[in-house]
Each structure stands twice: as structure tokens, then as C-alpha cells.
Protein chains: 2
Amino acid sequence: MKYLARSPKEVGHAIREARKARKLTQKDLAIRSGVWQETISKIENGLSGTKLETIFDILSALELEVTIDNRSKGSSTSLEDIF
Amino acid sequence: MKYLARSPKEVGHAIREARKARKLTQKDLAIRSGVWQETISKIENGLSGTKLETIFDILSALELEVTIDNRSKGSSTSLEDIF
DNA sequence: ATAATTTATGATCCCAAGATCATATTGACA
DNA sequence: TGTCAATATGATCTTGGGATCATAAATTAT
């Protein structure tokens with residue numbers, strides 16, 4: 001599955017989905033990522049802003065990668081239109 | 001352009017590239033994103049871990065989006081092989 | 001329903017991120 | 001080369017993230 005994340009909260013959601021898809025408990029993920037289970041819980045529920053570093057630790061443990069790309073075209077005015 | 005980011009440092013790099021591609025100064029980006037120029041400088045140079053929130057503020061100002069996906073196949077052992 | 005596992009919460013401590021201001025360094029360019 | 005814009009660095013202060021431990025609540029299994 002592929003997740004488009006527009007906010008830290010959505011990143012947390014993606015993490016939860018991916019973790020479940022891999023049938024890992026928060027504890028399992030905690031061990032594999034070096035991030036505490038309590039912290040993972042908070043991140044998955046969007047209860048904490050998070051450090052990027054921590055997110056990468058988790059994503060890496062889930063074998064997920066991050067792609068940064070231009071916002072999918074369509075709708076609204078782009079920077080090019082403005083400048 | 002599309003950036004694969006494996007670490008906070010690479011995110012910073014992607015941000016710098018995208019900012020330049022849009023011909024914006026750090027100051028411009030600071031104004032548009034609400035993040036301080038000094039902070040942007042540090043992030044672009046990987047001199048600071050960063051909060052996810054801040055990253056999204058910046059990416060959003062650059063009209064970039066984040067996709068989280070399974071690590072591109074190939075090489076190494078996957079979780080499925082292990083469990 | 002009860003026991004066991006998983007997830008959520010709550011508190012404390014430490015440390016680092018970011019705001020903010022000042023200034024140094026670098027880069028463009030007339 | 002001297003000036004102006006852009007970027008980097010450095011210090012202080014505040015706030016919040018995450019480690020850590022304890023435990024509550026919810027979920028799953030028996």
C-alpha cells in the first residue's frame with residue numbers, strides 16, 4: 001500500500017496501517033526501531049509532533065520509504081502561476 | 001523532480017533543491033512557510049533534527065507532497081522472509 | 001467471563017528544536 | 001573591489017519530544 005501523507009497525523013496513520021499489514025505489535029516495532037512502544041502509540045494517534053529522525057527509525061523498521069514529489073497536479077494555482 | 005529521502009539530511013537536501021528550482025530564497029520560503037530562515041538553513045544543511053510539523057510546513061509551502069511506500073523491491077531480505 | 005496480550009495514558013526528567021536577535025560569512029554583480 | 005543580498009552561525013530562552021517507569025484501558029484469546 002501507498003500512503004499520501006499531508007500531516008504528521010497522516011504519517012502516524014500510515015505507520016499504523018503498515019505495522020498492522022506486517023502483523024507487528026507496537027512492542028515488536030518498538031524493538032525493531034529502537035523507539036519506545038509508548039512513543040509509537042502517541043505517534044500513531046497523532047498525539048505528538050515527532051522528530052523526523054524518529055519517524056525515519058520507524059519507517060525504516062517497517063521497510064517503508066519516503067518520496068518527496070511535486071503535489072499531484074490538478075486543481076489549484078501553482079507557484080509558477082504566481083511568480 | 002522526485003526525491004527519495006532516507007534520512008532527515010536527505011529531506012533537507014530535497015527541500016533545498018526544490019526551493020532553488022522555484023527560485024525562492026530562504027527568506028521567501030521562511031515567509032511562506034512560517035518557519036524562520038535560520039531554521040531553514042539548518043534543516044537544509046542537516047544541522048538539526050527537525051520536527052515533522054516543521055517539515056510539513058516547509059514542504060507545503062513548496063507544494064511538495066510526501067508519499068510513504070514499500071521500499072523499492074530488489075536486493076535484500078524482506079520482513080516476510082524473516083517472519 | 002477471565003486471563004493474557006496489546007495499546008493508551010500519565011508523570012517526571014533531560015535534551016534538543018525552534019523562535020528570536022545579532023552578527024559573520026559567502027555570493028552576486030555593478 | 002566595494003556593496004547589497006543571501007546564507008550560515010552563535011547565544012539565549014521556552015517548549016515540547018522521547019526515554020523511562022507504572023498502570024489503566026481495550027482487545028484478543030481461551
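The model is predicted, so local features need pLDDT of at least 70 and side-chain atom pairs count only at pLDDT 80 or more, while totals for chains, interfaces and linings use all residues. Residues are numbered from 1 along each chain as its sequence is written, chains are lettered from A in the order in which they are written, and side-chain values use heavy atoms, with hydrogens and water left out.

## The shared sheet

Four strands form an open sheet in the order β1(A)-β2(B)-β2(A)-β1(B), with antiparallel pairing; strands (E, at least two residues) and helices (H or I, at least four) are DSSP runs numbered from the N terminus, and two strands pair if DSSP finds at least two bridges between them. Because β1 (3-5) of chain A and β1 (2-5) of chain B stand at the edges with a single partner strand each, one side of each is left without a neighbour in the sheet. From one strand to the next the twist averages 30 degrees. β1(A) is joined by three bridges to the antiparallel strand β2 (residues 64-70) of chain B, and A:Ala5 stands opposite B:Val66 in β2(B).

| Helix | Strands | Angle |
|---|---|---|
| α4 (residues 52-61) of chain A | β2 (64-70) of chain A, β1 and β2 of chain B | about 120 degrees to β2(A) |
| α1 (residues 8-21) of chain B | β2 of chain A, β1 and β2 of chain B | about 165 degrees to β1(B) |

## Symmetry

Chain A is superposed on chain B by a rotation of 180 degrees with 0.0 Å of shift along its axis (RMSD 0.0 Å), by least squares on the C-alpha atoms of residues with pLDDT of at least 70 in both copies. The two copies are thus related as by a two-fold rotation axis, and in chain A the C-alpha nearest the axis, 2.2 Å from it, is that of A:Lys51. Since 100% of the interface residues of chain A are also interface residues in chain B, the copies meet through the same surface.

## The cavity

The structure holds one cavity of 30 Å³ or more, a cavity being a set of points on a 1 Å grid over the protein atoms alone where a 1.4 Å probe fits but cannot get out, with lining residues having an atom within 4 Å of a point. The largest cavity has about 110 Å³ of space, a volume being the space filled by probe spheres set on the points, which are joined across faces, edges and corners. Its lining has 14 residues, of which A:Leu52, A:Ile55, A:Val66, B:Leu52 and B:Val66 lie nearest the centre.

Terms used: Axes fitted to C-alpha atoms, helices over the stretch in contact; angles between N-to-C directions. Contact = heavy atoms within 4.5 Å. 1 Å grid on protein atoms, 1.4 Å probe; cavity = no way out; pocket = protein on both sides within 12 Å on 5 of 7 lines; lining within 4 Å.
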